[in-house]
Amino acid sequence: AQSNKGLKDYYQSYFPVGAAVTPRTVEEGPEAELLRKQFNSLTAENVMKPQPIHPTEGTYNWEPADKIVAFAQANGMKMRGHTLCWHNQTPDWFFKDKDGKEVSKEVLLQRLKEHITTVVGRYKGKIYAWDVVNEAVPDAPGNIYRESNWYKIIGEEYIARAFEYAHAADPNALLFYNDYNTESTSKRDRIYTLLKGLLDKGVPVHGVGLQGHWSLTDPTAEALEESITKFASLGLQVHITELDMSVYPKEHARRERRDTDVSTFTPEQEQQQIDQYQRIFGVLRKHKDKITSVTFWNLSDRSSWLDNFPVRGRKDYPLLFDQNYQPKKAYWKVVEF
Ligand SMILES: Oc1ccccc1CN[C@@H]1C=C[C@@H](O)[C@H](O)[C@H]1O
């Protein structure tokens with residue numbers, strides 16, 4: 001019956017649809033029920049990032065990640081791994097020796113290799129796609145490489161090495177480069193240059209993750225189409241990895257509250273959100289030959305990372321399910337096509 005269909009059923013002949021979850025989300029209850037009904041792919045929102053999973057050189061924290069993997073396995077869901085190499089949520093110990101001094105390039109490469117080999121190896125055969133490197137390209141025009149500790153100590157080759165380590169650990173896993181703001185022409189072009197260079201050197205990159213932290217007006221359908229086709233022209237699969245649609249103007253840096261930062265979800269904002277979700281999914285369906293996964297970042301408006309970014313404590317309403325896990329008007333425009 002229609003009522004039993006979820007997003008994953010409507011999109012069965014297009015692409016898997018997923019959500020970013022916490023270990024709490026997969027405990028029995030309304031959120032686990034919503035996951036089962038609506039989604040057939042999962043990403044761990046935080047617990048597979050370097051800091052949560054490998055807090056000190058000698059300790060791995062497997063239990064939270066294992067919980068999410070077990071839920072995916074038990075419910076026949078695909079699992080995306082997020083993320084192996086990133087400048088954020090990465091512990092300082094990677095970059096420091098026992099005296100607190102900066103480590104050499106060789107030591108840091110060895111630590112990166114150990115981390116990736118151990119994490120990817122543990123979930124071999126259970127995680128089919130990894131965000132190997134996250135956000136290596138800066139927003140500001142000009143440089144291709146963000147000046148992270150990875151880049152400063154190793155140089156640009158840290159990216160190729162990360163992909164090679166992941167491929168050696170699980171030759172069957174699809175390996176992705178993941179980034180946000182991928183529809184801005186300057187950043188899009190620099191990501192393209194980075195990826196083309198890696199592919200030309202034979203580095204095992206299989207796809208690009210467009211995070212999809214979008215807003216009511218950005219991107220336009222044309223800009224999104226341009227990004228999808230440009231990256232696909234490299235022979236890469238395209239995943240939308242962190243889709244949400246803030247009801248506030250897009251910003252890319254955390255900032256303190258201003259008294260104008262009131263939380264609103266007016267009928268006008270809702271209508272704009274309905275129209276934008278309809279436009280975006282029209283483009284994604286049109287390019288189902290290039291798009292092989294679409295994952296929302298978090299599950300429902302009950303809780304979104306945007307409730308605290310870029311402004312702490314400003315409630316956002318970015319997803320297809322409301323604060324009581326019910327489909328919003330935008331949901332029906334996404335599934336009725
Ligand atoms: O939209 C942004 C603006 C500035 C910096 C980072 C981002 C997006 N950064 C993402 C968001 C949330 C995290 O949980 C994800 O791991 C990260 O990939």
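Which residues point one way from S1, and which the other way? Val17, Ala19 and Val21 point one way and Gly18 and Ala20 the other, and all are buried, where buried means under 20% relative accessible area, exposed over 50% and partly exposed in between (1.4 Å probe, protein chains only).

## Basis of the model

This is a predicted model, in which local features need pLDDT of at least 70 and side-chain atom pairs count only at pLDDT 80 or more, while totals for chains, interfaces and linings use all residues. Residues are numbered from 1 along each chain as its sequence is written, and side-chain values use heavy atoms, with hydrogens and water left out.

Helices (H or I, at least four residues) and strands (E, at least two) are DSSP runs, numbered from the N terminus. Two strands pair if DSSP finds at least two bridges between them.

S1 pairs in the parallel sense with strand S9 (residues 291-296) over 3 bridges, and Val294 in S9 is the bridge partner of Val17. S1 also pairs in the parallel sense with strand S2 (residues 41-44), over 4 bridges. Within this second pairing, Val21 stands opposite Ala44. From S1 the chain crosses through helix H2 (residues 30-38) to S2, and this β-α-β crossover is right-handed; that is, with the strands pointing away from the viewer, the path from the first strand over the helix to the second runs clockwise.

S6 pairs in the parallel sense with strand S5 (residues 174-179) over 4 bridges, and Asn178 stands opposite Gly209 in S6.

Phe176 lies in strand S5 and counts as buried at 0% relative accessibility. Leaving aside neighbours within four places in sequence, its contacts (heavy atoms within 4.5 Å) include Gly207, Val208 and Gly209, together with His239, Trp130 and Phe163. Pro23 is 153 residues from Phe176 along the chain, and their C-alpha atoms are separated by 23 Å.

## Helix H7

Helix H7 (residues 157-169) has 13 residues, which at 1.5 Å a residue should span 18 Å; its end C-alpha atoms are 18 Å apart, which agrees. The expected span is 1.5 Å times one less than the number of residues.

The buried residues of H7 are Tyr158, Ile159, Ala160, Ala162, Phe163, Tyr165, Ala166 and Ala169. What covers them includes strand S3 (78-85), helix H5 (105-122), strand S4 (129-134), helix H6 (149-154), S5 and H8.

Tyr60 lies in the loop between helix H3 (50-53) and helix H4 (63-74). Not counting residues up to four places away in sequence, Tyr60 touches Ile53, His54, Glu114, His115, Thr118 and Val119. Tyr60 and Pro50 are 10 residues apart in sequence and 9.5 Å apart in space, C-alpha to C-alpha.

Glu106 has its place in helix H5. Glu106 is exposed, with a relative accessible area of 55%.

## Backbone features

Two cis peptide bonds may be noted. One joins His82 and Thr83, with omega about -10°, and Thr83 is in strand S3. Another runs from Asp218 to Pro219, with omega near 5°; Pro219 is in the loop between strand S7 (213-215) and helix H9 (221-232).

Gln89, in the loop between S3 and H5, has a positive phi near 45° although not a glycine. Gln89 is partly exposed, with a relative accessible area of 34%. Asn181, which is not a glycine, has a positive phi of about 60° and is placed in the loop between S5 and H8.
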